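Trainee: Could we go through this structure together? I would like to begin with the whole chain and then turn to details.

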Amino acid sequence: MALLVQKFGGTSVGSIERIEAVAERVIQTRQLGHKVVVVLSAMSGETNRLLGLAKQIDEVPTPRELDVLLTAGEQVSIALLAMAINKRGFNAVSMTADQVTIRTDNAFNNANIISIDTDRLESQLEQGKIVIVAGFQGRDSDNNITTLGRGGSDTTAVAVAGALKADECQIFTDVDGVYTTDPRIVPSAARLPEIHFDHMQTMAACGAKVLQLQSVEYARMHKVPLRVLSSFEEGEGTLVNFETQHSPVMVGIALQRQQALIHIDVPLAELQQQVDLFGLQVWAVTNTAQSAQIVVANDDLARLRLVFDNKMRHISDVSTLSMVGDNVVTVAEAVVTTLSNTNIQVHHNKQMTDCVSLLINEADHQTAVEVIHRQFVVNQELLGNPSLLAVS
């Protein structure tokens, strides 16, 4: 008998019918004799709906109050799933992060988990119950409600699995594993059975949405086995582990969309101070003594305007395309040439040990991914090799 933590995202619980289907799936696992802890996101679209309500009041809502509002979504989904399981004759109990006692720091909207008290969880499991935990949320030392940032339910699941020393943390989503690139952009993208943690962490940092970065970092640090599975079909999914195998030059392509390239008339050091204060992630592409050009997510522009409105100038709508692999820097020049031959302009690029990121026009993102995937991933003729790591 194993102890499994199963996390279901917003799409998986996006309607009553889907919640009923999740209940059946969880019960199947319980009937195999396993102990089960379920971590849930809010129903699909609910967090955005709540955020939209907040922004009707204030374009930049008070961070503390925004967390109070956004955590309501998960409380709805955990109660509904518990009801669905209980009506089928199995004993389930829903628990908010406060009832579990998930403690975080006080970084509202993007908190980090500090500790999890497992006493209540273990007690409920010993009574034979299926425990359903609200993802995405915690409490700080002053008992304020906090949230873990977008995709934070993954982090909750991994942290709970680590605290309970679970045999596996299973992330159920709307895709059946990790792919060489987003299959919604490139239908020929391949799913791989295994991915090394190092590459998965880089992929997540570069915008791959199949797993949230903080959850991958936590799982890697605490050696929690991760498996990505589909909520809607059977299969083995993709296992994220530490096995080291030979991998091709380019193992996958990640994409960050809906970004802006902006010019700000302040020194980079001063700008970086404000960015750090807001907790934003930006790419400083150029800078002079008195100004800088940065790439920032469209959703974060409002915060920068609070401070730099009359000093900001929008240059273009952009996307960041990142190629990941142990030796991907060796093909960076060839990739830029290939895109140029397709009339796609690369504004800037940055290179790291296992990643090359290209700044391109937003309108070119689909063509760019298709061209690079076809020429530098598919043409490696290694798509059937389990050592080829991937991303969706």
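Mentor: We shall discuss the overall chain, then an annotated span, and then a sheet. Please note that this is a predicted model.

Trainee: How many helices and strands are there in the protein chain?

Mentor: The protein chain contains 13 helices and 20 strands.

Trainee: What is its radius of gyration, and what would a compact globule have?

Mentor: The protein chain has a radius of gyration of 22 Å; a compact globule with 392 residues would have one near 21 Å, so the two agree. Along the principal axes, the C-alpha atoms fill a box of roughly 60 × 50 × 35 Å.

Trainee: What percentage of the residues count as buried?

Mentor: Of the 392 residues, 53% count as buried. The accessible surface comes to about 17,400 Å², and 47% of that belongs to carbon and sulfur atoms.

Trainee: Changing topic, which residues does the UniProt domain annotation cover?

Mentor: An unreviewed UniProt entry annotates residues 3-230 as "domain: Aspartate/glutamate/uridylate kinase". In the model, that span is 42% helix and 23% strand, and its end C-alpha atoms lie 20 Å apart.

Trainee: Strand S13 covers residues 226-230; how many of its residues are buried?

Mentor: Five of its five residues are buried. Leu226, Val228 and Ser230 point one way from S13, while Arg227 and Leu229 point the other way.

Trainee: Why do side chains alternate like that?

Mentor: In a regular strand, side chains alternate between the two faces of the sheet.

Trainee: Which strands are joined to S13 by bridges?

Mentor: Strand S9 (residues 168-173) is joined to S13 by five bridges, and these two run parallel. Within that pairing, Gln170 has Arg227 as its bridge partner. Strand S14 (residues 238-241) is joined to S13 by three bridges, and the pair runs antiparallel. There, Leu226 stands opposite Val240.

Trainee: Now the open sheet of six strands: what is the strand order?

Mentor: The order is S16-S17-S15-S18-S20-S19, with antiparallel pairing. Strand S16 (283-287) and strand S19 (346-352) are the edge strands, each pairing on one side only. On average, neighbouring strands of this sheet are turned by 30° against each other, direction ignored.

Trainee: Which helix packs on this sheet?

Mentor: Helix H10 (residues 268-278) packs on the sheet and touches S15, S16 and S17. The direction of H10 makes about 20° with that of S17.

Trainee: How many bridges join S15 to S17?

Mentor: Six bridges join strand S15 (residues 252-264) to strand S17 (residues 292-297), and the two run antiparallel. Leu261 stands opposite Val295 in S17.

Notes. Residues are numbered from 1 along each chain as its sequence is written. This is a predicted model: local features need pLDDT of at least 70, side-chain atom pairs count only at pLDDT 80 or more; totals for chains, interfaces and linings use all residues. Side-chain values use heavy atoms; hydrogens and water are left out. Two strands pair if DSSP finds at least two bridges between them. Helices (H or I, at least four residues) and strands (E, at least two) are DSSP runs, numbered from the N terminus. Axes are lines fitted to C-alpha atoms, for helices over the stretch in contact, and angles run from 0 to 180 degrees between N-to-C directions. Contact means heavy atoms within 4.5 Å. The radius of gyration is taken over C-alpha atoms; the globule rule is 2.2 Å times the number of residues to the power 0.38. Buried means under 20% relative accessible area, exposed over 50%, partly exposed in between (1.4 Å probe, protein chains only). Accessible areas come from the Shrake-Rupley method with a 1.4 Å probe; for residues, only the protein chains shown count as cover. UniProt positions are given in the numbering used here, feature names are shortened, and annotations may be inferred rather than shown by experiment.
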